[in-house]
Structure formats: C-alpha cells, structure tokens
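Welcome, and thanks for taking a look at this one with us.

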Amino acid sequence: MRADRVFAYGAAAGLLGDLLLGDPRRGHPVAAFGRAAAAVERVLWRDDRVRGALHTAVCAGGAVALGAVAARVVRTSPAASLALTGAATWAVVGGTSLAREARAVGRALEAGDVEAARARLPHLCGRDPQALDADGIARAVVESVAENTSDAVVGALVWGAVGGVPGLLGFRAVNTLDAMVGHRSPKYLRYGWASARLDDVAGWPGARLTAVLATLAGDDPRGAVRAWRADAAAHPSPNAGPVEASFAGALGVRLGGTLSYGGRVEHRPVLNGNGRAVGVHDVERAVRLSKRVSWLALGVCVAARRIAKGRTS
C-alpha cells in the first residue's frame, strides 16, 4: 500500500477513534510523554536558554525518533503501518476532549451555575476563572476552542501529512513542551524560550489552514476574512491570532480584550470589534465549527499528500 493511502486511511481511522473513544482517562500517551519531559527537566533545568534548547531537542527529538523507529519496524506490512498511523493519530489529536470540556462549561452556564462553570474552566484553559463572569467564561471557552482546534487537531494532521508517524508525534511533543515550559513565567522565561519558538514554527502551517477552513466553514466567510486581515497581526501569538480572528468573524462575535492568567493581567486587542459579545449559545456554535474544520483539514491533508506523492512518483 502506498504511503499516501496509509496516511489517508490511518488518519481517518485515528480521527474516528477520537470521535468514538475520546482520550483515555488513564495511561494517555501524551501524559506519559509529559512525565518523561518533566523528568528530563529535573535533570537539565537551569535559568539558561542553552539548557532549555537541549531539553527541547532531547524531548522533541526523542518523540520523532520513536516514531521513525516504529514506522520502520512495520514498513513491510501495510496493515501494521495503517494501524500504527491510526493509533498515532488517535493519540495526538484531542478534538473530542476539547468539545466535551467546552460543552460541560456551556451546560453549566446554560443552567445559570456560574460557580460550576468556573470550576470546570481550568480543564479547558489557563484563565483565572474567579475573575470572569458568565459572559467572560463563554468568551474564554470560544477562544480556547478556536486555538485548540489548530493545536489539538489541525496542526497534527498537517505534520502527519508531511512526515507520517514521526511528524504526528513530533508535533504533539513540541506542542506539549510549549504548554509545559513555554509560558512567560519567571522560571521558564529563558529555559522555555526554545520550546516556545519551536512551537511557533511548528504551529504556523496548521494555524493558517485552520483560519482558512474556519472562513470557509463558518456562517460569515466575509466577516472571517475581514477580521483575520484587520486584527490577527495585533494578537501577541503569531498563530493564535489568525485562528481566533477567523473564528470571531465566522461566528460574528467579538473576542479578545482583558485576560487574567495566574494573577497576571493581559490587555489583548479586540478581534472582530464589530461583532457582538459572546453568548452562552456561541459555545456550541464554536464546537460545531471546530468539528467541521477538523474533518475538512483531514481532507485537505490527505489530498495534499496524495498530490505530493503523485509528483514524486
């Protein structure tokens, strides 16, 4: 079986597995990687960029190497190759868990239980829930759904199309390292620099594809393009900016503004300033848009890999 077909069938099976099974509550491969990365950090940590770069190289490089060895072991068996691709895709994507957590917060808000929504929000994003009212929580959920559609699904599919199983595992490793050490805290400002920059690079293509597909799949394509062009560049993240702006325009809502993370207040630019304030019902709309984008991304990545294979054969 050709490599492009292995990726097509395996990635589709992995997405279906995520849809049907979601993430395991125990023994998740990404959690195991996180524990290994934390162990490496305990050995290497210094308030130093070079040590942080070594940490990134060891952990991300190890994930890529593991994927390459596994792919090589099964390369003579199409069935085993397909199964490995499916298992890797299922392990690295997280669309179902993203939707589940977003909807859990949304249900609490619909029931008028703001305290329950605040208690659930940390499962989804790192905002300070006590600083948010119901509308602020809904906005945080929509923004998190938008950003994580790229980080948890589309970006992985893009790198899977480029590099197969090593690409899938490598992207998830880089994204996980950024979440662990790439944030701007005193401890990780230098040590996490390499992880944060590598995540920016790795996330670039997936973020742009997510933004394009949200524009095409949303309710207001013109609004999505307008918000993307006008507001994305002002966002502090080069990848979250296009994704959140396009989602804001596609949904007709206003995102951004003042945020609070771990006691640190950030004043971010408003995205799609002509849109209305986010309402509770927009949580479900964002989840549905995320799902449409995810499946469209699979189609685009499969087609792109097949075209590339045809040109080289």
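How many cavities of 30 Å³ or more does a search of the whole structure find? The search turns up one. Please keep in mind that this is a predicted model.

**The cavity**

- The volume of the largest cavity comes to about 170 Å³.
- Its lining is made up of 14 residues, and those closest to the centre are D18, G95, T96, K291 and S294.
- Two or more lining residues come from each of these elements: α1 (3-21), α5 (95-110), α7 (134-181) and α11 (281-312).
- Among the contributors, α11 gives the most, with five residues.
- Sorted by class, the lining holds eight nonpolar, four polar and two charged residues.

**The α2 and α3 pair**

- Helix α2 covers residues 29-44 and helix α3 covers residues 49-73; they pack at an angle of about 150°, and their axes lie 10 Å apart.
- Angles over 145 degrees count as roughly antiparallel, so α2 and α3 are roughly antiparallel to each other.
- The crossing in which α2 passes α3 is right-handed.
- On the α2 side, the contact is made by F33, A37, V40, E41, V43 and L44.
- On the α3 side, R51, L54, H55, V58, C59 and A63 take part in the contact.
- By class, the residues of this contact between α2 and α3 comprise nine nonpolar, one polar and two charged.

Notes. Residues numbered from 1 in each chain as written. Predicted model: local features only at pLDDT ≥ 70, side-chain atom pairs only at ≥ 80, totals over all residues. Heavy atoms only, no water. Axes fitted to C-alpha atoms, helices over the stretch in contact; angles between N-to-C directions. Helix = DSSP H or I, 4+ residues; strand = E, 2+ residues; numbered from the N terminus. Parallel < 35°, antiparallel > 145°, perpendicular 65-115°, else oblique. Left-handed = near helix turned anticlockwise from the far one by under 90°. Contact = heavy atoms within 4.5 Å. Nonpolar A, V, L, I, M, F, W, Y, C, P; charged D, E, K, R; others polar. 1 Å grid on protein atoms, 1.4 Å probe; cavity = no way out; pocket = protein on both sides within 12 Å on 5 of 7 lines; lining within 4 Å. Points joined across faces, edges and corners; volume = space filled by probe spheres on them.
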